[in-house]
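This report looks at a few local features of one protein model. Please keep the sequence and the structure in view while reading.

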Amino acid sequence: MIVDWQWAKYGLRKAWLCALMLAFVSVLAIASTANDPSATSFIKTSGTNFTLDGSPFFVTGVNNHYLTYGSRDEVTRVLDDAVAMGANVVRIFLQPVIGSVDGSVATIWDWRLEGDASNLAAKGTYLLYWDPSQNRMAINDGTNGMQKVDFLIAEAGKRHLRLIVAVLDFWAYTGGAQQMRAWYGSSDESTFFFNDPRTKRDYRTWVRHVVQRVNPLTGLAYRDDPTIMAWELMNEGNAQPEALRLAWTAEMSAYVKSLDPNHLVSSGNGSGNANILVKLADLTIPTLDFGTWHGYPLYYNLTVQQFNDMIPEFCQVAARANKPVLLEEFGYARSNGNSAGAYATWLDTLTRDRKCAGWIVWRLVSRQDSGRYPVDEHDQFDIRNDGSVIWNILKAATAWAAQTRDTRLASEIALEAP
């Protein structure tokens, strides 16, 4: 593998100064959004780019899966670390989903697990559940439910961070779509949820509740809050067959748009190892505003360079559809000797290709209430504000993108204007 260390030396060195400047700006951002007109503007699209008030908005973001059920301190620590990294977007999942509170309808995962939030210890938090007295799905609007999401959105807004919100997770780690099909006694993981009229009704009910909810901390309905950049129908909604996935995606994206014309909508599809036709499929749906893909070389048996070669391929697909595409999940184990060079290479490729709309790394974690960072022995994808080489590469990449990518595109757009 050949790593562009000229960029890694020159670009990163130059970006350190930008990072210091951004750190100062970030402190001011946390204090207030009152004097920032862009804080009240929604993210939009223009061709293969996202825009904010007509200017390019290149996404440099982080994923975190536990922000909707972590403690308030755990939430603010992650958001503060996102600011420290220079991120402009945080991607989250609305979870957990359980059976019934009284246990008469089984929960298919251990929702009472104690321990670190990063390790799926929800500590009694749940957003959706089965109400046996009403024999239907119910929504928890309490302090251990949607009020935690209220807090997260309000705190993200204070820090000028935008949120991409996956309305549901496909996987069963904290319930997700698998728990919802289990309410009806199904063990079919790939078809039932997307095809059964009851689960489709439940999903629409959930979407309607979320987008119409008024956050008491901001006074805004979610659909009117520009802190939310976009809705994603589902994280990695792996419906089978593909025709079913596309039909469900078209139906539900149109439904979201009918309720909320302000926000962008995407499917949340992974598609990282799919063929070119599958990569194109989502972008043909008119009620989807941008495409997504998830990339983990470990799982695809790809070298760093082979994965790097996939990046322009996806961005070219975006150009054909004239829509943005995001690499919204990717990671590489810290134990690999070339991990720092891998991140530097990929981020450079994404930033330099004007057809690419940005990146969201998996996953930013901060100190848990235990005082420790999460134990990450399996994938080793965790990103931490620990002064490591990888942390500094990501931090420099956000500054480098802010300095070069958006400035260059703004100049090009201005030159192209009549």
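## A strand-helix-strand unit

A crossover is called right-handed if, with the strands pointing away from the viewer, the path from the first strand over the helix to the second runs clockwise. The model shown here is a predicted one. In it, β11, helix α7 (residues 242–259) and β12 form a β-α-β unit that is right-handed.

The two strands of this unit also pair with each other: β11 and strand β12 (residues 264–266) run parallel and are joined by three bridges. Within this pairing, E232 stands opposite S266 of β12.

Strand β11 covers residues 228–232, and five of its five residues are buried. The strand is therefore described as mostly covered, since buried means under 20% relative accessible area.

β11 has a further pairing, with strand β8 (residues 162–166); this one is parallel too and has four bridges.

## An aspartate in a loop

D282 belongs to the loop that connects α8 (276–281) with β13 (291–295). Is D282 buried or exposed? Its relative accessible area is 6%, and the limit for buried is under 20%, so D282 counts as buried.

The side chain of D282 makes a polar contact of 2.6 Å with the side chain of S267. Another polar contact, of 2.9 Å, links the side chains of D282 and R245. Apart from neighbours within four places in sequence, the residues in contact with D282 are R245, L246, S267, N269 and L288.

## The disulfide

A disulfide is a covalent bond between the sulfur atoms of two cysteines. How many disulfides does a search of the whole structure find? The search finds one. The disulfide joins C315 and C356, with an S to S distance of 2.0 Å. C315 is in helix α10 (residues 304–321), while C356 is in the loop between α11 (339–352) and β15 (358–361), so the bond ties together parts that lie 41 residues apart in sequence.

Both C315 and C356 are buried. The torsion about the S-S bond of C315 and C356 is about 110°, and the disulfide is therefore right-handed.

Methods:
Residues are numbered from 1 along each chain as its sequence is written. This is a predicted model: local features need pLDDT of at least 70, side-chain atom pairs count only at pLDDT 80 or more; totals for chains, interfaces and linings use all residues. Side-chain values use heavy atoms; hydrogens and water are left out. Buried means under 20% relative accessible area, exposed over 50%, partly exposed in between (1.4 Å probe, protein chains only). A polar contact is a pair of N or O atoms within 3.5 Å; within protein, one must be able to donate a hydrogen and the other to accept it, and residues adjacent in sequence count only if both atoms are side-chain atoms. Contact means heavy atoms within 4.5 Å. Two strands pair if DSSP finds at least two bridges between them. A disulfide is a pair of cysteine sulfur atoms within 2.5 Å.
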